[in-house]
Amino acid sequence: MVANSKHLIQVSEVVLPCSELESTLTFFTKNLGFHINSIFPADNPVVAVISGHGVRIRLESGGSGSPGKLCLHCRNPEEFSDGATELTAPNGTCVEIVEANPSLVLPPEQQSFVMNRFNKNDSWEIGRAGMLYRDLIPNRQGGRFIASHILIPEGGPVPDYVHFHKIRFQMIYCYKGWVRVVYDEQGAPFVMYPGDCVLQPPQIRHRVLECSAGLEVIEVGCPAEHETWADPELDLPNAKVQSNRDFSGQHFVFHQGANAKWNPWLMEGFEFRDTEIGTATKGLAGVRVVRPLYDSRPLVYSHSGEFYFFFILEGGVTLTCEKFRSQRMEAGDSCVIPAQQRYALTDCSDDLQLLEVIFPSELETQLHSVSVEDLINIGD
Ligand SMILES: [Fe+2]
């Protein structure tokens, strides 16, 4: 078998048997818009080769086997088939009519409290291209959100290809090690170091090229399940650079932690560095790193947003949540706090750093008069 056969194979055909060639041929040409490439023998045709919509089909009269299934991806299925979603050709081939570019299905909000603990002995799930995964939100908030801690133990070239994701939101934060990546119209490949992060806007073509041994990243996406497509036609990097290119209303972001400015956070005694993902997504989502500035009096907050997730990058903090006991969280632990749930962060270590992902970027937050002690009692 020749591994790289693209220069040897000129064309491929799908063979469909049919008991009666003429009516099947008429269906494919008149109803579905295929055209005839070849038909023979002329006096009594038994084979017709037809093509259209990116596929070549060989109809064989008297052939054996299943009549098969053909899926037609249409720009406007209603217009094409008068609302029919499935047709049957005279030879029995099932023809499914589907939307070529279906809009993203976003599962309804289903917020709940999720605490995920990092245990070095936990088994990591094996994913694609030698990557190991920790699922940080196993309930996926009803399928709306996914957060993964991804580890690539072996350094070197990554067996990736140019691809893109059909998503509403996706960001990647470099936690440990380094990774070299390249993005469509965003210039030369670049290296992400710990503290750096990217916003991958919907359908931006990209490729992971190389990484250090022990690379760890945090990836957060919405919705949890999405389609990934390869783009074999595109070579990256490409010459054109358009850093402000619009991708479904979002811009690409490469945030470098080392150059970032720290600003006071809404929680007294903390400061944060913003990744500017809020601006790049027009307020859809925010991503920032938060650290304590000084010892402050403990305060109780809640939010009324769509999503509030944080991951402990360094240090430790005690999380007290209404309906849950106080819990000490350390590096590698993460949490989702649902809307309206009152919580407090106390006993921060000096080196604490939280990675925070919020929807929307201007998360509405309420300050409550209840004390942390009272919140603990509610929890008990
Ligand atoms: Fe990707």
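This report describes the metal site, a sheet, the nonpolar cores and the cysteines of a predicted model.

Residues are numbered from 1 along each chain as its sequence is written. Local features need pLDDT of at least 70 and side-chain atom pairs count only at pLDDT 80 or more, while totals for chains, interfaces and linings use all residues, and side-chain values rest on heavy atoms, with hydrogens and water left out.

**The iron site**

Three histidines, H163, H165 and H206, coordinate the iron ion, each through its NE2 atom, at 2.1 to 2.2 Å. Donors are N, O and S atoms within 2.8 Å of the metal (3.2 Å for Na, K and Ca); water is not among the atoms, so sites may look incomplete. Along the chain, the donors of the iron ion follow the spacing H-x1-H-x40-H.

**The sheet**

Helices (H or I, at least four residues) and strands (E, at least two) are DSSP runs, numbered from the N terminus. Two strands pair if DSSP finds at least two bridges between them. An open sheet of 7 strands runs in the order β9-β10-β11-β19-β14-β17-β21, with antiparallel pairing. The edges are β9 (125–126) and β21 (253–255); each has a single partner strand, so one side of each is left without a neighbour in the sheet. Within the sheet, β14 (residues 169–176) and β19 (residues 215–222) are joined by 7 bridges in the antiparallel sense, and F169 stands opposite C222 in β19.

**The nonpolar cores**

A nonpolar core is a set of buried Ala, Val, Leu, Ile, Met, Phe, Trp, Tyr and Cys residues joined through side-chain atoms within 4.5 Å. The largest has 29 residues, and F169 and F309 have the most contacts inside it. Elements that give two or more residues to this core include β14, β19 and β26 (307–314).

**Cysteines and burial**

A disulfide is a pair of cysteine sulfur atoms within 2.5 Å, and a search of the whole structure finds 0 of them. The nearest cysteine sulfur to C94 is that of C71, 9.0 Å away; for C211 it is that of C174, 9.7 Å away. The table lists buried residues; buried means under 20% relative accessible area, exposed over 50%, partly exposed in between (1.4 Å probe, protein chains only).

| Residue | Relative accessible area |
|---|---|
| C94 | 18% |
| C211 | 2% |
| H163 | 2% |
| H165 | 9% |
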